Each structure stands twice: as C-alpha cells, then as structure tokens.
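Me: I have a structure open and would like to learn how to read it. Could we take it one feature at a time?

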Amino acid sequence: MKRFAARMGPIGIVAVVIVAIVVFGAVLAPLIAPYDPTIGSVTQRYLGPSLEHLLGTDQAGRDIFSRLLWGARSSLVGPLIVVSITAVVGTALALTSVWWGGFVDSAISRVLDLLFAFPNLLLAVLAISVFGASLTTAAIALSIAYIPYTARVIRSTALRERNLPYIRSPQLQGISGLVITARHLLPNVAPLIVTGATINFGFAMIELAALSFLGLGVQPPDADWGLMVSSGQQSLISGYPAESILAGLCIVITVASLGYIGERLGGRSAAGRKA
Amino acid sequence: MFVVRRLLALVGVLFASSFLVFSAMYAAPGSPENFLVQGRTVTPEVLAAIREQYSLDDPFFVRFWNWLTNVLQGDFGQSLTNRQPVGELLAARLPTTLTLVLLAAIIIAVLGIGLGIAAGVRDGILDKVVLLGSSLGFAVPTFFAALLLMSIFSVGLGWFPVFGSGEGFFDRIWHLALPALALALPSAAVVARITRTAIREERDSEHSVMATARGVPARIVLKRHVVRNSMLPVSTIVGVHIAGLIAGSFVVEYAFTLDGLGTLLVGAVQRKDFAVVQAIAIILVAGFGIINLLVDLLYKAIDPRVGTKQES
C-alpha cells in the first residue's frame, strides 16, 4: 500500500480517490441517488441548485445529481467491457503469434493490419449500422478496434522474452507451450496489460460517450454522461448549461485521473497513443 | 521502391476493407426492400420489382464485384432514402469535412508544437500551464469542447455563428473556426506534451551540452540541435493525430450541425442507408491510409535512417 502510494505521488493519490468516488457512486447509485433518474416533472424544469436538488434539474425536470450517479454506471460499464475484451483477446492473439511465430504470426499480423486501417470510431459506427444502436454493440465494436494496439504492444515485449533462457529451457524439457506461455510468459507481460487497460479505459470512455452523443450508443431516457452532454445541448443554447457542463466535467475529470494513474503505473504517457 | 510497396499495400488494404464493409452490410439483419416500402403492404410483384431494380437477388460475389467495379469508375450507387446518386451526395459534403480537418491539422501543428517548444525550452509559469493544460486537455472529449466553445463564443459573446458551414472561402473559415478548434484541442494537448518531453530530453543530450560547451550561441544550439532533433518523435505523433481527425471530425460536425461527411454518415446509419454508409466508410479508410502513408514518407524524409527494410 505504501509502495503504491509512493509510486502514485500526491496528485496520483487524488486521482485514485476520484476514480474510487466515481466507482462507489456508480455502484451505490440505487441507494444514494435521491430521485429516479428517468422520471421528471414538468413543474420542476430548469431548477437551480438547492438542498432539494443538489445540482438542479434538467429540461424534463429530472434531478441532475441522480442522473449523474446513474450515468456513471453506463459510463463505466461500457469501457469495462471494452477493456476486458481487448485485454483478453489482444493478449491471447499476441502470445499465440509469439509462441508459434512463422505463418501463424504473419497471419495474425495481417488481420491486425487490416483492423489498423479503420479509424476506431468508424469501425464502431459501421458495427452499429449493422447491428443497431446500443451500448453493447458500441462497446464490442470498439474493443475490436482497440485489439490491434494492445496486441502489438504485448507482442513486441513478449517477442523479446521468447528467446530468453527461462522460456527456452522449459521448452527443451518438453513442457507444453500453453503451460509455458501461461506460467512464464504471461506474468512477464502482465504489468503491460494492466497499464494498457488503464489508459484504454479513459479513451474508451471518451469514444463511447462520443457514440452516445451521436445517438448511436446509450439510448434515451437512460442516463449516460455522453448522452447528457448531448441532451443538454439545447438547454445550453437557451441559457441553462448545468446538465451538459456537469456531465462533460465528469468525463474530463474521470478520464484525466485514469490517464494520470496509467502514466504513473507504466511510465508510459497516456498521450503517446493513437487518437 | 518504398513508395511503390506502400502504395501496393494500401491498395490491398482498401480491397480487403471494402470486402469487409460490403459483406458486413450484406449480412446485416433487415432487408433493404422492406425499408424502401416502409411498412406499407405491397404485392409480391412490387417487391420483386424493387429487388430487381437494386439487383438484390444476384449472388453475393456478383453483387460485390459489380459494386466494386462501379466504385472504381466513380459510381457509388444510389442512396436508398432520397434516390440521389451517392457520389453527388458525397461531393456536396466533402469540402466541409476537408476544410475542417485541414484547419484542425494546422491548429494541432502550430498550437501543439508551438506550446510544446515554448514550454520545453524554459522553466517557468508557461511550462507549468502547458503541463497542466495538456494533462487535462487530452481528457476533454471533442464534443464537449465543441459545446463549451459554442456556449462561450457563439451563444455568450456572439463572435461566431452557432450552426452551419458558411458560403464562400472566408465565411466558411469563420464558420469552421470553432469546430476546428474543438476538434484539434485534445490532439493539440497531446502533441504539446510530447513536444515538451522531446525538447527536454534533447536539451540534456550530450550533443547539445557539448555544443553549448564549445561556445555555440544558445539560440543556434536550440535551433540546430534541440528543436530539429526533437521533431522526430513529434512528427510521428502529429501524423497519427491528423489521421485520427478523419474519424473525430464527424462527432464535431454533428455537434455543430455542419453539412459534412460525418453528419451524412450518422444520418445514413440511423436510416440504414447502406449505399451511403459503404461509400463513406471506403472513402474514410482511403483518406486514413493516404494520410498515414504521407506521414511515413515525411518521416523518412526527416530521418534518412528510417530504412526501407524496416517493417512497420
């Protein structure tokens, strides 16, 4: 714990606390949210912050604070799906291609190259046009778009490890490739997977929010930060900026915290990744 | 040789991705003719006629081949929703998107590299501000930046128009200034960060220290040794981000309701107008590939060590 704190530094600890608060808010939303996030009241539209409505209400008279809490759920679950699929599939592809090399390696590389040719958001939009707009479709499509990046990073590290004695000698002893890969290779690329996942989480959150903003992700009246930025746009133009601004700030603060944590974990800048 | 090989690879990728996109659309649930009749009850004969008109009964590979050969001749087929040739629709939308991406690219290069260099060469308040700004800036989604800029400069101060893409050259730039800024902001933050780090590393490198020790004036050390060498990693990241603008542009177009390719794509996806979706997808993949190719060529020009034997 102390080592972790030292590694994070003071700003990093603040970032960890912020992420923890967001996670707790999302998990406990049904218990702590004072109002139903989808039910509003026509007489309660555009209220300012008060004790009754901590952050005021939106154009449908719904409590913004409750919507932000519930919105944290889809805003976190989406990236979680993306990061899990990407980490599992990306690592499996990378380790498979490193272990077998040769034809398997070049076949996997060609497929990844093809995926590289599609900008992330375009791939997601295409998948949505085929399977319909929903958070699940958007998240799965985005994970496919992220796999090549993860796979490439892990492959290049695993490739270096592949020829070291601790991998070669069990192989000579006739231990199966699966066991060696799982027992020896995987633990040595694991830190890389964790760092990559932390940084990807932030990017996935932004891109999923963008899809919801376009009306292609989470569907109204469900609460989602990206969707709230979008649905608050009309109110913002008419002079009630609370909904959009607060939802947007939630995204910015969470993503910035995750980026900082990832950077501290891996020494790799969150910035140094493809947009 | 390098150029030829990369061009061939691009053609291969384009072919493979058009096949991928076409088969995805082909496999999509829901048939186009049901969309065309929009729930009205029609006789089987009418349905058959529609299927005939759009050649929906041909085998998959025949349809793919026909579509591909038509696309190569510049014919992208007909939009299902408004019966216009897709090519015309795209041609009308392309200038807005191109201008937007170009403006954003310029902002990224100038603002990102400029601030990065300024923060890198001297410690001080500016450095702290740039560091903080870039750590937060990369986390600002483009659509949120769009909304903030719109509410401050269009709604609040009234300096810029809220919607629309404008007529004529200058009017267009004036209309696209805020969207381009919103689109460029996160990337500019990243570029500034990378530039700052690169400059600092280069400043402490032996050749710079040695040059200073030799008595070379600070300004020349900075120009010849520090900035020039630090531009290598920076040029890669700038290229990657400019290529990324292609996909990012449609979020910003949507936020500002600009009549670009992005809004057309989002609308076509919602209406399941596959002819339009396919065409835009292929064009975006091609644009993405071409920019990436140009970046690699530029990279090779800056650093001759990047040999032809290097596998990406």
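Reply: Begin with the elements: helices are DSSP runs of at least four residues, strands of at least two, numbered from the N terminus. From the N terminus on, the elements of chain B run α-α-α-α-α-α-α-α-α-α-α-α. That is 12 helices and 0 strands. Keep in mind that this is a predicted model.

Me: How far apart should the ends of helix 1 of chain B be?

Reply: Count 1.5 Å a residue: the 26 residues of helix 1 (residues 2–27) of chain B should span 38 Å, and the end C-alpha atoms are 37 Å apart, which agrees.

Me: Which residues of helix 1 of chain B are buried?

Reply: A residue is buried if 20 or more other C-beta atoms lie within 10 Å of its own. In helix 1 of chain B these are Val13(B), Ser17(B), Ser18(B), Val21(B) and Phe22(B). Their cover includes helix 4 (60–72) and helix 12 (274–302) of chain B, as well as helix 4 (102–116) and helix 5 (120–131) of chain A. Of the 312 residues of chain B, 37% count as buried.

Me: At what angle do helix 5 and helix 10 of chain B cross?

Reply: To read a crossing, look at the two axes. Those of helix 5 (residues 86–121) and helix 10 (residues 218–255) of chain B come within 8 Å and cross at roughly 145 degrees. The crossing is right-handed. Among the residues in this contact are Ala104(B) and Ile108(B) of helix 5 and His241(B) and Leu245(B) of helix 10. By class, the contact has 16 nonpolar, 3 polar and 1 charged residues.

Me: How many residues does each chain put into the contact between chain A and chain B?

Reply: Chain B gives 43 residues and chain A gives 40. On the side of chain B, helix 10 supplies the largest share, 9 residues. Helix 1 and helix 12 are among the helices of chain B that each supply at least two. By class, that side has 32 nonpolar, 9 polar and 2 charged residues.

Key:
Residues are numbered from 1 along each chain as its sequence is written. Chains are lettered from A and ligands numbered from 1 in the order in which they are written. This is a predicted model: local features need pLDDT of at least 70, side-chain atom pairs count only at pLDDT 80 or more; totals for chains, interfaces and linings use all residues. Axes are lines fitted to C-alpha atoms, for helices over the stretch in contact, and angles run from 0 to 180 degrees between N-to-C directions. A crossing is left-handed if the near helix is turned anticlockwise from the far one by less than a right angle, and right-handed if clockwise. Two residues are in contact if their C-beta atoms, placed from the backbone, lie within 7 Å. Ala, Val, Leu, Ile, Met, Phe, Trp, Tyr, Cys and Pro count as nonpolar, Asp, Glu, Lys and Arg as charged, and the others, Gly among them, as polar. The expected span of a helix is 1.5 Å times one less than its number of residues. A residue is buried if 20 or more other C-beta atoms lie within 10 Å of its own, exposed if 12 or fewer, and partly exposed in between; C-beta atoms are placed from the backbone.
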